[in-house]
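Thanks for making time, everyone. Let me put the model up, and then I'll walk you through it.

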Amino acid sequence: MKHVDPAKEALQPHRYPGVRTYLLVFAGLALLTLIEVAVSYITAGIRVPLLILLAALKALLVILFFMHLRYDSRWYAFIFFAPLVLVIPLIWVSLIR
Amino acid sequence: MSETTSSLTVHGRAASATGLDSAKLGMWLFLATEVMLFSAMIAGFLDMRGRSPADANHVLNIPVTAVNTFVLICSSLTVALSVASIEQGNQKRLRTFLLLTLLFGGTFLSVQVFEYTKLIGSGELTPWNSLFGAGFFAVTGLHGFHVFIGLIWCALTILWASQGKFSAQNFMRVEVFGLYWHFVDVVWIILFVLIYLM
Amino acid sequence: MTADTVVGTGLVRHGGRKFSDYLVFNTDHKVIGIQYLVLAFTFFIIGGLLAELIRAQLAVPNNQLVTGSQYNLVLTLHGTIMIFLWIIPAFVGAANYVVPLMLGANDMAFPRLNAVSFWLLVPGGLLMLASFAVGGAESGWTAYPPLSVTTPVGQTLWALALQFIGFSSIFGAINFLVTVFNLRAPGMSLTRMPLLAWAIVATSLIIMLGTPVLSGALLLLILQRLLGAQFFTPGGGGNPLLWQNLFWFYSHPAVYIMILPGFGIISEVLPVFARKPIFGYKLIAFSSMAIAVFGFLVWAHHMFTSGMDPFLRVPFMVTSMIIAVPTGVKIFSWLATIWAGKLRFTTSMMFALAFISMFVIGGLSGIFLASVPIDIHVQDTYFVVAHLHYVLFGGSVMALFAGLYLWYPKLTGRMLDERLGHLHFWLTFMGFNLTFFPQHIAGLQGMPRRVYTYPPEFWALNLISSIGAFLMAIAVLPFLYNALRSLAVGKVAGPNPWRAFGLEWTLSSPPPVHNFPTPPVVEGDPYGYGERPVPGTRVVPAPGVAGGGE
């Protein structure tokens, strides 16, 4: 009855992470937020790149674990991250004076 | 809108030629459009930020917003836990965690409204008196609007849950709502740093 | 309208059991497709009348038919309506109808979202008309600040209208992508899909990634107009180039939104009437994808003269010219497809052939314009107007008509009259060239666009243009008459009047409500002309065809 290409992923029960992983990720997010706020008070030139790095790390944690991208089909990851390739020229050209 | 032909069989054949669930695929495609929307807004905001005084964001209250960021992260956790609950067929915990999500999300939005009224009421920052203010209200406002939509969606999901529409085999609607909610959280994680801390 | 009793004919079919079903929320993709087409064609008439008004004003120099301000309003609405309420939704409508059929699907992936997409277009269209009634949208379809933030209230309605239309586009694009990926029939691998499906994938990707940027820009524009925020006005510290960047980041890819489905339709029409397989299937499919990607990296070629950093000119010139490569691949593939074919000069084929030649002219003037030294001289002249009409009318609209003549029998169960069709074609073709070819010359001589009058030395060229525009308006009449008359008295088409491959031709015309009573299984490539027998031309009709799906 079902026609599903066996080479591709089937509709199937998920192998999502458990409560423990979620709590760990949550703790990581809370900790990173604290670090961010602390970093925002330093004045050295490393502040801005460090803040961006921390934000990217937090965003990745949510995307990979809470949104299951680490466990789901690679297609979803492709769909989500591919647009970022276009975002770079958009932001770059917008900022050139 | 969430009515789909996914995971159904139409005239005896599986509805998915790729094996990907249609609802979930559609949601990820939608999130990609949201990536572009917020990228455009962020590009605009960075341009405005560059044209504003370096200390333009000093009127913003970092401690309060940091706590508010934490509240939104809590809501993301509860959504993740609600999906984990229904995955194991636990209806009661599904409803509890969704209600907590509604609570945390509502708190976040209330604090944002409070922040707006304070800033505009005191005249410290308004959309019309500075370019930074214009960008601040446009970008955080658009995000707040997304939270608002998420709250309505969350309430609907609670309603469906209380009608017993989900089970350990059928919870795609919860998962798709969760994807949206987490995405809104991700946007805030970026905005918090770009607007408040930088 | 009781065609219900007649098997296989009449528009009252599909999920629409009676005429009024076409006026309400209906989730059948075939009904929605027709809703889109009818709405879009209505706006084609409205936009066309506005164009006639423009040409009437410009028929003689120093004409006082409309004031400068009214002229701006008319040209703004003409451009916006033709792009957002005619070409884009008309392609969406055609694709809505045929793509699920071509893939062997019973509907779109999200039928209700599909209907929502259409019904978002209705308030969009109404707001657009309201903006015309109120007046004020005078800044051209590009709506550059500072003009677009100082014009009266109609401009806000205009922006809101585009916001609705944008949402409609985005939801439609997501729906098409999921449909094409997930709802293909067994055996319909990606490389067995008709090329229209590939074109719709490329188009939908562009809509998905481009339109949200326009939504963002429009949101800022609306906020500036309503709240007095100073995003785009230098006086308040803002940046007018920000609008141009965001606007063109969407609107340049948008020209591919308006042409890629046309490419797809032409790839369907040519093999049918040349009786040959398409040449270079994979190249045509992949060049669509290449255009979708490269299309996002060229937008600043619209801004060569707007004060952006001159350092950006060369990279954007180069990327713009690179687009000509995948486009050329398609043109040569089509020429190779008709080469030594058994050509049948039906109206559909005539429009398709006109598409190729007219689009090449528009494409070549596009390469001219991409070149910085030339662009600086002809920017904002009628040369640009000529170029864009050669691609949008000579390209998109010709392709739309080629598709309408091809699929009209499938939509209605009746044949169009070919003699009236040829009349429509020749009037359109001659009127079009008469209108727009002289504008190349006027533009090179320096006649600026978007001005309500011109110096007397341009009179002859403009008079020719205006006569051509009049012919184009006349040309619509035989088409309208033909389309309405054939509904009732056209020859009964049968399932496959063109002896075409493609799953849509294996069904009755119009197809039954749920498309495929038994799931089709696809075994070959979609363009096997001359290589294997055409299904549906056998003496015994295929199951589910003759009985109208009973």
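I'll take the chain contacts, then a helix pair, then some backbone details.

Housekeeping comes before that. This is a predicted model, so local features need pLDDT of at least 70 and side-chain atom pairs count only at pLDDT 80 or more, while totals for chains, interfaces and linings use all residues. Residues are numbered from 1 along each chain as its sequence is written, and chains are lettered from A and ligands numbered from 1 in the order in which they are written.

Start with chains A and B. Here 42 residues of chain A are in contact with 42 residues of chain B. Contact means that two C-beta atoms, placed from the backbone, lie within 7 Å. On the chain A side, the elements giving two or more residues are α1 (19–39), α2 (47–66), α3 and α4 (83–95). Helices here are DSSP runs of H or I with at least four residues, strands are runs of E with at least two, and both are numbered from the N terminus. α2(A) gives the most, with nine residues. By class, that side of chain A holds 30 nonpolar, six polar and six charged residues. For the classes, Ala, Val, Leu, Ile, Met, Phe, Trp, Tyr, Cys and Pro are nonpolar, Asp, Glu, Lys and Arg are charged, and the others, Gly among them, are polar.

Now look at α3 of chain A, residues 74–81. Which of its residues are buried? They are A:Tyr76, A:Ile79 and A:Phe80. Why do I say they line one face? Seen down the axis of α3(A), they fall within an arc of 95°, so they line one face of the helix. The arc is taken from the directions from the helix axis to the C-beta atoms. On the other side of α3(A), A:Arg74 and A:Phe78 are exposed. Buried means 20 or more other C-beta atoms within 10 Å of a residue's own, exposed means 12 or fewer, and partly exposed is in between, with C-beta atoms placed from the backbone. What do the buried residues of α3(A) pack against? They pack against α1 (22–50) of chain B.

Next, chain C with chain B. This contact takes 37 residues from chain C and 33 from chain B. On the chain C side, α3, α5 (154–182), α6 and α7 (240–274) each supply at least two residues. The largest share, 11 residues, comes from α6(C). That side of chain C has 25 nonpolar, 10 polar and two charged residues.

Stay with α6(C), residues 195–227. Its axis and that of α8(C), residues 281–294, come within 8 Å and cross at roughly 10°. That makes α6(C) roughly parallel to α8(C). Roughly parallel is under 35 degrees, roughly antiparallel is over 145, roughly perpendicular is 65 to 115, and the rest are oblique. Axes are lines fitted to C-alpha atoms, for helices over the stretch in contact, with angles from 0 to 180 degrees between N-to-C directions. Among the residues that meet are C:Trp198 and C:Leu205 in α6(C), and C:Ile284 and C:Met289 in α8(C). The contact has 12 nonpolar, one polar and no charged residues.

Last, the backbone of chain C. The peptide bond from C:Pro145 to C:Pro146 is cis, with omega near 5°. C:Pro146 sits in the loop between α3 (111–134) and α4 (147–150). C:Ala340 is not a glycine, yet has a positive phi of about 60°. C:Ala340 is exposed, with 9 other C-beta atoms within 10 Å.
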